[in-house]
Amino acid sequence: MPAHHQSLTWSKNMSEHHKSQGKRLARRESALKKADPRLKIIAVVVWSFLLALTEQIGAAMAGLAGSVILAMISGLPAKDILKRLLTVNFFILFLWLVLPFSFSYPGEVMARLGPLEITRQGLRLTCLLTIKGNAVALGAIAFFGASSVFELTAAARRLGAPEKMTAIFVLMFRYVQVIGQECARLRLAMKARGFKPSMSMHSYRSYANLIGMILIRSLDRASRIHAAMRCRGYNGRFWLSGEFNFKKIDWALGSLMILLICGVLAFAFV
Amino acid sequence: MPSSESLIALKNIDFSYPDGRRVFSDLNLIFRDGQKAGLAGLNGCGKTTLLSVIMGLLYPQRGEVEIFGRARREEKDFKEIRAQMGFVFQDANDQLFCPTVADDIAFGPLNLGASRKEADLIVEKTLALLRLEGFGPRVTYDLSGGEKKLVSIGTALALNPRLLILDEPTTSLDEKTVARLEQILNDCGLPYIIASHDRSFLARTTHLVWTMTEGRLVEG
Amino acid sequence: MHISEGVLSAPVLICGAALALGGMAKGLRAVGEDDIPKAAVLAAVFFVASLIHVNIGPGSAHLILSGLIGLFLGWAAFPVIFAGLLLQGILFQFGGLTVLGVNTFNMAFPAMALGLLLRKGINSQRKAAAFAAAFICGGGSILLSSLLVALALFLTGREFKFVALEIMLANLPIMIIEGLMCALVVGFLAKVRPALLTGEALGFEKPAKA
C-alpha cells in the first residue's frame, strides 16, 4: 500500500494528471508523444514482458539502460519520473526485508547482519528483482506518461480490444473525473463540519456514509447517462475516434525498440 | 398561431412513481409545430418527469402519448423517433459522456448511420452554429460549465431533430452564456419546449408558458 | 496487495492472465449493451473510493472495497477490476502490465465468488446477520485475495515463502478494515436506499429492462 498521506491526495493526483494532459499540447513535443499509440501499446507490452522475464543481471541492466533512453525521449520532467519510481521501490522494499537472508533463500553465506545470514543467491535474486522492477516501471512510465488515456483506448480498440471493454474503460475514466469532484465536495463538507479522520468507529462510519452516498448518486447518474445515450440513438455501438497513421517517427521508434530488445536478448544469451 | 401539425400530444396522463408518489393526474398537453413553449413550475413539481414521459424514458400508468401523429406505447415506438426530439439534459455531465467534444457531437449522427466523414462535417457545422469553432478536440472534462451546456445543445442539434426539448437549461449559467443560449435558440429555427423555473428567461424565449401545479398544466 | 513486476515466473503470469481473460469474457457477456453505463459508473465509483485513505494504526491504507464490487457486479467484477487496475497503472504510471492478469484474477475471483454467495445474506432481516454477511464479504475477499497472492509467489519459487508471509501479515489489518467498511456501506444503503440491495439491482446476470 503506498503510504501517501491521507487528505485529498487522490484529487490532487487527478488534477495533476489533467493539468499535464492539458499542458502537454502546449509543452514541447517529444518523440514518444508524437508516436502512433498503437505502436506504443505494442512496444510497452513487449518491452515489459521481456524485462519481467529476464533472468540475468546483465540483461536486466541492459534493459534498465534501455528504459532510461525511453524515459529521455519521453519528454517527461526527471522529477516526475523519480517520484513515480519511488512508489515502485516502496514495494520492492518488502523484498529486501526477507529475500536476501538464508531463512528465505538458503545458500552460500557471504555476510552476516546480526543473527541474519545474507546468502549470495538471495542477494543476487533481490538485486535482479530490484533492477527488473525499476526497468519495467521506468519503461511504463515513459510510455504512459507520453500518452493520453483516450488515445490509448482508441488505439487498443483498433488493435482488437472488445468494444464493450473499451466503452466501459472510456466511460469509467470520464466519470472518475465527475465522481471524483463530487467526492471532493462531499469531503470538504465533512471537513467543514469538523470531521477529522482517525482510527475510530465514527471515522469509518463517516467514510462508509460518504461512499454509500456516492454510490447512490452515481447509480442515479448511470441511469441518466443511459437515457442520454438512448436519446441519441444508442444501439450498442460506442464510437471512439482517432486517426492513426504510421509516420516517420514511428519507423524510428520501431527501429529503436528492436535495437533495445536485441540488446537485452544479446546480454541474456551471451 | 394557426393550428399546425401537432408534434406532441399527451392525453389524460396519470403518473406515479413506484414508491406511490403521484406526479400527474389527468394531464393534457398539445405541442404544435412552430411553437416555442415554456414549462414552468417549482422545483420538484414534475417538470423533468413530464419531459421523460414525452421522451419515452418513463411510461405513464394511464393515458396516451402521441408523438408525430402516432400513439407511442413501448420502447420500440419511441426508439424510432427519440433522436428526432433533441433532448438536452439538465446536467451536462450526464449528456456529455464521450472523451472529446467532437466525439460527443458525432455520437448521435454515427448511431443514425452517418459515415465518419459526414459526422465530421456535422461536428464542424454544429460547432460553427454554437460559435465554438476549434473546440472539437477539446476534452469534455476541461470545459467550463457554460461551454458544456452549449456543447450539450450541440449534441442535440447534431441529430437534425424536428424539435428541441431542454430541461432547466439556465441552471448555474452566467448571464453571458444565457445570452448566447438565447441567440442559439433563436438561430436554430426549431420549435422547442423549455422546462425552467426562471420565468423571465421563459418570457424572453417562448410564446406560451404552461405552469405545472398539482399534477396538471395551466396555460399562463 | 499488488505484486511488483519482474517477481513472478512466466508460467504463473500466463496462468493468471488466462484465468483473468476467462473471467473477463464471462463478465463482459453478463454486461448487456444497456448495462454498460452502470458497469462503467460503478467502476468509476470504486476507482474514486480506492483513492480514499483511511487511518490504520500509525499509518493509513487506501480502500479496496473488492467485496462491495463483487456484491454489486458479480462476474462483471472481472472487467471492472481489470479496468480499475489498468487505469491505475496508466494514471499513476507505474504500469503493472505484466502482472495485470494475475492481479485481476487475484482480486476479482474472491470478490465475485463471495459477492454472489452472500447477496442473500446481506438482505437478511436480522441486522446482525446482514452485518456479518457483509463483513465476511468485504474481509473475506481481501483474505482470499492475499492467499492467492501468496500462492502465486509460492508457485514462482519456494524462496518467496517469507515474502508471501509478509504480504499476508501486512494485509491482516486491511482485511478487518475492509470487512468493516463493506458492512457499514451495506448498512448505510439498507437504511437510505434498500432497493439497491435487492437481487434486481445487484449484478447483471439478468437481462436489464429497457
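Author: Start with helix H5 of chain B, whose buried residues are Ala119(B), Ile122(B), Val123(B), Thr126(B) and Leu127(B). Keep in mind that this is a predicted model.

Reader: What makes the buried residues of H5(B) line one face of the helix?

Author: Look down the axis of H5(B): the directions to its buried residues fall within an arc of 130°, so these residues line one face. The face turned away from that buried side carries the exposed residues Lys117(B) and Ala128(B).

Reader: Which helices do the buried residues of H5(B) pack against?

Author: They pack against helix H4 (101-111) and helix H6 (145-157) of chain B.

Reader: How do you know what span to expect for H5(B)?

Author: The helix covers residues 116-129, which is 14 residues, and 1.5 Å a residue gives an expected 20 Å. From its first C-alpha to its last, H5(B) reaches 20 Å, close to that expectation. After the helix comes Arg131(B), with a positive phi near 55°.

Reader: Why are E6 and E10 of chain B said to stand at the edges?

Author: The sheet is open, with six strands in the order E6-E7-E8-E3-E9-E10 and mixed pairing. Strand E6 (85-88) and strand E10 (216-219) each have a single partner strand, so one side of each is left without a neighbour in the sheet. On average, neighbouring strands of this sheet are turned by 20° against each other, direction ignored.

Reader: How do you know that E7 and E8 of chain B pair?

Author: Pairing requires at least two bridges between the strands. Four bridges join E7 (residues 163-167) to E8 (residues 192-195), and the two run parallel. Leu164(B), for example, stands opposite Tyr192(B) in E8(B).

Reader: How many bridges join E1 and E4 of chain B?

Author: Five bridges join E1 (residues 6-16) to E4 (residues 62-67), which run antiparallel. There, Lys11(B) stands opposite Glu64(B) in E4(B). Both strands belong to an open antiparallel sheet in the order E2-E1-E4-E5. Its edge strands, E2 (22-32) and E5 (70-71), each pair on one side only.

Reader: Which helix lies across E1, E2 and E4 of chain B?

Author: Helix H1 (residues 47-55) of chain B does, running at about 120° to E1(B).

Reader: What makes up the contact between chains A and C?

Author: Chain A gives 76 residues to the contact and chain C gives 57 residues. On the chain A side, H9(A) supplies the largest share, 18 residues. The residues of that side divide into 53 nonpolar, 18 polar and five charged.

Note on methods
Residues are numbered from 1 along each chain as its sequence is written. Chains are lettered from A and ligands numbered from 1 in the order in which they are written. This is a predicted model: local features need pLDDT of at least 70, side-chain atom pairs count only at pLDDT 80 or more; totals for chains, interfaces and linings use all residues. Two residues are in contact if their C-beta atoms, placed from the backbone, lie within 7 Å. Ala, Val, Leu, Ile, Met, Phe, Trp, Tyr, Cys and Pro count as nonpolar, Asp, Glu, Lys and Arg as charged, and the others, Gly among them, as polar. Axes are lines fitted to C-alpha atoms, for helices over the stretch in contact, and angles run from 0 to 180 degrees between N-to-C directions. The expected span of a helix is 1.5 Å times one less than its number of residues. A residue is buried if 20 or more other C-beta atoms lie within 10 Å of its own, exposed if 12 or fewer, and partly exposed in between; C-beta atoms are placed from the backbone. The arc is that of the directions from the helix axis to the C-beta atoms.
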